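Trainee: Please take a close look at one part of this model, the aromatic rings. I would like one connected account.

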Amino acid sequence: MDATYLPDYKDPTKIRPYSSYVIKLMPKALKQEYFPNNPEVWTEGEMSVEDFKTQYMLEFVDGADQFLSSDEFNNLTSGDFKWITKGEHNEKYVAGIDFAGSSSDGGDFTHISVLRVLPDGRRQKVFGMDMRGKDYNAQRLEIVALFGGPRPRFKVDSIFCDYTGCGRPIVDILKNQDGLRQLEGIIFNAADTYTRSGMNMKNIMFAKIRNEISAGRFQYPSKDEINKMGDPDFIGFYHKMVGEWKDLEQEVRMGVNKRIEAPNGGHDDVCCADALANFAAEFGNKNRLPKPTTGRMYR
């Protein structure tokens, strides 16, 4: 691997080689802390602070805590844009769908998230819906109406879906029977084959979206924007969505994978759908791993 020469973070009087690959993964906050005189390396990293310290600095923290800090939650809910019910021309959209197998009171329910992806890479959640109480065929028809056919409500470039358990047959039908070829199934507990982080898919997706939220690049409309709509039912739905993010917990373990889930009696369907959509914005329509190539050398 290529080396990047920087001051030793424990003894800045010494210069030592660091793996360029690891420096690329290192979050910007840690680069600024450990290399304050080397702004040339202050690029955005691909891992969260907690994940990087766990995997590369062998620092372990036990216990459960909120997934988002107060500052990150404020970033999440500070968007200056409107909620929409259909896509607009010349804009890029992606979607995430978290399927659920229960329609009972207190059970999980399928949630759909749609993001607008701006030219500078920022992601704005402009639409979301729950499909509680609908059977799987009704859910399928709703998804086709949103994203399929010659006149979809949202013309999305990529849709990442929960492919675990009950999601698998719906995803297969949507792709092979209904023609949603831009749809890709994600198994949450499968190994990360997109970035080769060593985490499972759920952890790498939540690490990615947390980085975006922390940097102000993933947002919901602000409460003021939602209140302007004047719909009490939708205002309640909005608070339910952001409330899931506020309540979401993480438990750091000895390995690279955290336990990320809602507290007992809570839900994380919105968070999972958002994480899927954010991952689709970054990796949709891309190969998971670089393909090997062959070539012939001539003198």
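Predicted model: local features only at pLDDT ≥ 70, side-chain atom pairs only at ≥ 80, totals over all residues.

Mentor: Residues are numbered from 1 along each chain as its sequence is written, and side-chain values use heavy atoms, with hydrogens and water left out.

The structure holds 18 aromatic pairs. Rings of Phe, Tyr and Trp (its six-membered ring) pair if their centres lie within 6.5 Å; planes under 30 degrees apart count as stacked, over 60 as edge-to-face and the rest as tilted. Y18 and F35 are edge-to-face, because their ring centres are 5.4 Å apart and their planes stand at 75°. Y18 lies in strand 2 (residues 15-19) and F35 in the loop between helix 2 (28-34) and helix 3 (49-56), so the pair ties together parts 17 residues apart in sequence. Helices (H or I, at least four residues) and strands (E, at least two) are DSSP runs, numbered from the N terminus. Y18 is buried at 11% relative accessibility, and F35 is buried at 2%. Buried means under 20% relative accessible area, exposed over 50%, partly exposed in between (1.4 Å probe, protein chains only).

F127 and F154 make a tilted pair, 5.2 Å centre to centre with 40° between the planes. F127 is in strand 6 (residues 123-130) and F154 in the loop between helix 5 (136-147) and strand 7 (156-162), 27 residues apart. F127 is buried at 6%, as is F154 at 0%. Ring pairs also link F127 and F154 with W83, Y93, F234 and F237 into a cluster.
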